[in-house]
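Subject: A structure for you to explore

Hello! Here is the structure I promised to pass on to you. Please open it beside this email, so that you can look up each place as you read.

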Amino acid sequence: MDIKKLILLFISINLIIFLAGCTTTTASTAEKNDAKAVTATGQGEATQAAEVKKNLIPVLVSETKFQKTGAVDTKTVNTYKDNTDKLISSIVYDSSSEIFEKTTVEYKGNETIYSYFDKDGNLLRTKKTVSNENGAILETTLYDIKGKQVSKSVFKYNSDFSEKTKWEIYNSKNELLGYSAYIYENGKNTKTENFSPQGDMEEYFVYSYDKNRNMTESSRFNKSGKKVSGIIFEYKNNLPASEKIYRGERTLLNEITYDYSEKGGKKIERQTIKAPDSSIIEIIEKEFSFIEK
């Protein structure tokens, strides 16, 4: 498996579960996405849809994906430990409301173990994360059904662990496949550089922010400095309003618009993904609840 496919696999599996109000999806769905789009949008998740209230944090209760016809494609339902943001299970249902995939989560000291099962309960893969006492993730390791390491990521931080400075990814033999370096200005990640195992820069991302520290633009460049793709983020009332995804300088690929509502004390975020001609590709509806933190 080459580095780009392995990195995409790692990103896809990590997109399965985002705690505390981030996107929830499955590897089987995420792996269909274009690697460039996944990498770029993954950098823009700092601002989430749920309205953050004093002493309350949002947790993602469910995510429903609709086809352009309005028919349900999949629905993911998350369960958390009582009155916490600690996820204990995530179940993906298909369009017939049958279980498609299930994830269970165990917490053992500074380790968190994710186990992924198919609809028949057969183990597909596992993931283990190791964190420090501040909650910063130090390592993430993916394993196959036999418990053999598939890949391993190592994360490095500054002295007080407030900023992630480096991400290294290794294969099953613990051979370095590549690494990313994160550059900050005024506490904001303004640039990410991706390197080969030999230390040659292969591509980089540049990020811009507004006065509220919301990301306004993410741009991807090749090693020669040519812009490959980008995303423009717009906000309303400090919440995401739209994302426009481009190829090159300004060739529109997709647009995502956001709408919000409330139902039964829960916050509803509705994303509508559109083609360049404004036709609907997919609709994603997320339901958030709030817990005290």
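Let's begin with one spot: Glu106 stands opposite Ile113, which is in S5.

Before we go on, a word about the model and the numbering. This is a predicted model, where local features need pLDDT of at least 70 and side-chain atom pairs count only at pLDDT 80 or more, while totals for chains, interfaces and linings use all residues. Residues are numbered from 1 along each chain as its sequence is written, and side-chain values use heavy atoms, with hydrogens and water left out.

How many bridges join S4 and S5? There are eight, and the two strands pair in the antiparallel sense; for two strands to count as paired, DSSP must find at least two bridges between them. S5 covers residues 111-118. The hairpin of S4 and S5 has two residues between the strands, and Gly109 there takes a positive phi near 60°.

S5 also runs antiparallel to strand S6 (residues 123-131), with seven bridges joining them. Four residues lie between S5 and S6 in their hairpin, and Gly121 in the turn has a positive phi of about 85°.

Now find Tyr114 in the model: its bridge partner in S6 is Lys127. Lys127 also lies over the face of Tyr114, at 4.4 Å from the ring centre. A charge sits over a ring if NZ of Lys or CZ of Arg is within 6 Å of the ring centre and within 35 degrees of the ring normal. Arg125 lies over a ring too, that of Tyr116, at 4.7 Å from its centre.

**Salt bridges**

Side chains of opposite charge can pair when their charged atoms come close. A salt bridge here is a side-chain nitrogen of Lys or Arg within 4 Å of a carboxyl oxygen of Asp or Glu, and a search of the whole structure finds 10 of them.

Arg125 takes part in one of these: its partner is Glu101, and the closest N and O atoms are 3.2 Å apart. This pair links distant parts of the chain, since Glu101 is in strand S4 and Arg125 in strand S6, 24 residues apart. Are Glu101 and Arg125 buried or exposed? Both are buried, a word used for a relative accessible area under 20%, with exposed for over 50% and partly exposed in between (1.4 Å probe, protein chains only).

Lys156 and Glu168 form another salt bridge, at 3.4 Å from N to O. They sit in strands S8 and S9, 12 residues apart. Lys156 is partly exposed, at 38%, whereas Glu168 is buried, at 8%.

Glu203 and Arg220 also meet, with 2.6 Å from N to O. Glu203 lies in strand S12 and Arg220 in strand S13, 17 residues apart. Glu203 is buried at 16% relative accessibility, and Arg220 is buried at 11%. Shared partners also join Lys156, Lys166 and Glu168 into one network of salt bridges.

**Aromatic pairs**

A pair of aromatic rings is described by the distance of the centres and the angle of the planes. Rings of Phe, Tyr and Trp (its six-membered ring) pair if their centres lie within 6.5 Å; planes under 30 degrees apart count as stacked, over 60 as edge-to-face, and the rest as tilted. The structure holds five such pairs.

Why is the pair of Tyr204 and Phe221 called stacked? Because the planes are at 15°, with the ring centres 5.0 Å apart. Tyr204 is in S12 (residues 201-209) and Phe221 in S13 (residues 215-222), so the pair ties together parts that are 17 residues apart in sequence. Tyr204 counts as buried at 14% relative accessibility, and Phe221 is buried at 16%.

Phe205 and Tyr207 are stacked as well, with 6.5 Å from centre to centre and 10° between the planes. Phe205 and Tyr207 are both buried.

**Two loops to visit**

Ser97 is not a glycine, yet it has a positive phi of about 65°. Look for it in the loop between strands S3 (87-93) and S4 (99-108), where Ser97 counts as exposed at 58% relative accessibility.

Phe161 also has a positive phi, near 60°, and is found in the loop between strands S8 (149-157) and S9 (164-170). Phe161 is partly exposed, at 33%.

Enjoy exploring!
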